[in-house]
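Please look at the sequence and the structure shown here before reading on. The paragraphs below go through them step by step.

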There are 2 protein chains.
Amino acid sequence: MPTTIREVARRAGVGVATVSRVLNNSGFVSTQSRQSVLQAVSDLNYVPNPTARRLSLGKTFTIAVIVPFFTRPSFVERLRGIDSVLAESDYDMIVFNVETTQRRDKFFTEVPRRDRADGVIIVTLTPTDGQVAVFEESGVPVVLVDSDHPRLPSVREDSVLGGRLATQHLIDLGHRKIAYLSDVLDDVFKSAAASARRQTGYQQAMREAGLPLNEAYLKSGRHSREEARRCAAELLTLPDRPTAIFAASDTQAIGVMEAARDLGMRVPEDVSVVGYDDLDIADYLGLTTVRQSLFESGRRGAELLLHAIEQPHRNTRDAPVHELMPLELVVRQSCIRLSADDAPRMTHDPSHATN
Amino acid sequence: MPTTIREVARRAGVGVATVSRVLNNSGFVSTQSRQSVLQAVSDLNYVPNPTARRLSLGKTFTIAVIVPFFTRPSFVERLRGIDSVLAESDYDMIVFNVETTQRRDKFFTEVPRRDRADGVIIVTLTPTDGQVAVFEESGVPVVLVDSDHPRLPSVREDSVLGGRLATQHLIDLGHRKIAYLSDVLDDVFKSAAASARRQTGYQQAMREAGLPLNEAYLKSGRHSREEARRCAAELLTLPDRPTAIFAASDTQAIGVMEAARDLGMRVPEDVSVVGYDDLDIADYLGLTTVRQSLFESGRRGAELLLHAIEQPHRNTRDAPVHELMPLELVVRQSCIRLSADDAPRMTHDPSHATN
DNA sequence: CTGTTAGCGCCTTCAA
DNA sequence: TTGAAGGCGCTAACAG
């Protein structure tokens, strides 16, 4: 139904090559021809058939984004960041939502093909060495966002720093018994690299402050409010319970607040809480948290990818870039200052006797 | 780089047509040939070039989804629903995120072309009659999700019913002074059809209960917590303030709760609140709300579209289907029963302080 | 400068 | 049953 280049050529009284030339600004076209072509194009409301173009050019003009919608509510911002770059480019964004490992592996093997996409962005998931090898063989540039691998370019936050930021904040407030609730090696994606790094940051901060690392203060659960609630309940009913809990995500931090509420404890009077992500709701809840550059991470990832696509000569052996996005501690009202000598019972508000 | 059908043919010792036949199950192939082709395909790890296939078949095998990421946090569920259907089909999902009216109109005119997509799903946005006419001319099936238009198939909730559900609940609890905070004709997308319908439901319920419709109890603001907070503050400082507020979304309901908190009022003791959407956080906040079938709406929309694509003979003049998805009132703790004679100060349980 | 023509890779008549 | 060949619409050599 749509017009073809041939019809435009006929109407403009020129050859198809000339039409193609003006449409692609290849130059070497007389003002005369250019004019009539442009006129015909506009008369016929002509738009080149993208599929034919792709076949002829041997490019797909599409970027595949493989992303698990549900590991974190924050993925939307990352997608927006990616989209903000691609929308301005010639590339379409085709989205592959991963909800099972099978699907993930299917996408990992089927999507990175030259005839399927010109580039791939993988969000939050981490491919295995074997999968990466296949990517390299395919010749399709792949960029990781919120994840990383030694042989692939990546954009992520400095999770160790994030862990330190949160922990140090609590230490500065006088807390000594600080628990860390990690976003565990999820059954499905076991990609808790970030969470593990945050834990490292947590431990570094504790150690540097000369504070003991209490094994009992380490819990790990899935990225869900319910599971965090259970874990937090265990922490808060420990004989020597922590005075503060640092959760690997806001979602989990909310679970912690829920657990506290269940136990009749108040936040921050009875227990301080720090989250991670700075979801919209964190503001309403007064949750102190670590804010990531979500949108930016997506934007940068897309930029790196487009760059890689345009620099096909870049040797695969070169060390891929690994960018770290800035982090920011957002202080709100979920943490309280403790008196110098860490006394769990001596809360700031003496009117409330614990235990 | 990838293998072509010709190589497969050569290796299998047959013609390309035969290879094509077995790959597409066109039949009329000897078991003999089939075997060798299958063998060659597997040996070479051959996968047909999608672009070439599309060009040859005159189909794009892609579905375009035009969606404003940010009108509501709920869009993700709808996308998932759409994806759940497309992932099982031969179609790729290419996403167009709309953040400005310019972009929306650009997509509306550029995307629905036969050579660009085999079908289009528009989420939450409502095209104009003129745009719909262009869609029809293009011959590309279009389905609306969370929106509607007389000439296009659509899937949405029964917003009038939703408005009634929420309002009736408050009336049943003895409230008489009920305010409605609508999701206004947003500056950018002015597509508050749903909100307007909910308002109709609200008014119907009020009227049927013989309650007066107080103009002062109608406020409209954008779909944001901040704006809702401002509007709610106005409502709550009215000389004869409402005892309950029904907000057009959970996001706005949270803004209402925020306003109450600002004014030192408690929810539900001093003011009852009902939201809409049932976001994850509504549970934690104990917010009574109306739950939509988000995922289902996307799923149904995609199903309708695929159906339309496979039934190209269906006359455009036929009346398009308009499906309504079920709604459910989720009762939590944000509403309180009022004594028979509407007394705003007579709270139910003063002993229970929230937050 | 410009038209003709040969692909891009696949599907599909059309003979054989 | 099967292979050869044309065509999908566009780009890019290659001769003028």
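Predicted model: local features only at pLDDT ≥ 70, side-chain atom pairs only at ≥ 80, totals over all residues.

In chain A, the secondary structure consists of 13 helices and 12 strands. The C-alpha trace of chain A spans about 90 × 40 × 30 Å along its principal axes. Chain A has a radius of gyration of 27 Å, whereas a compact globule of 355 residues would have one near 20 Å. Of the 355 residues in chain A, 49% are buried. Among contacts in chain A between residues at least 6 apart in sequence, 73% join residues at least 24 apart.

The domain assignment divides chain A into domain 1 (5-57), domain 2 (62-157 + 295-326) and domain 3 (159-292 + 329-354).

Chain B shows an open sheet of six strands, with mixed pairing and the order S7-S6-S8-S9-S10-S12. Strand S7 (218-221) and strand S12 (327-330) of chain B each have a single partner strand, so one side of each lacks a neighbour in the sheet. Neighbouring strands of this sheet are turned by 15° against each other on average, direction ignored.

Within the sheet, strands S9 (residues 272-277) and S10 (residues 288-292) of chain B pair in the parallel sense over four bridges. B:Tyr276 stands opposite B:Val290 in S10(B). Helix H10 (residues 225-236) of chain B packs on the sheet, where H10 touches strand S6 (178-183), S7 and strand S8 (244-247) of chain B. The direction of H10 makes about 160° with that of S7(B).

Definitions and conventions
Residues numbered from 1 in each chain as written. Chains lettered and ligands numbered in written order. Domains from an automatic or database assignment. Helix = DSSP H or I, 4+ residues; strand = E, 2+ residues; numbered from the N terminus. Rg over C-alpha atoms; globule rule 2.2 N^0.38 Å. Buried ≥ 20, exposed ≤ 12 C-beta atoms within 10 Å, placed from the backbone. Contact = placed C-beta atoms within 7 Å. Pairing = 2+ DSSP bridges. Axes fitted to C-alpha atoms, helices over the stretch in contact; angles between N-to-C directions.
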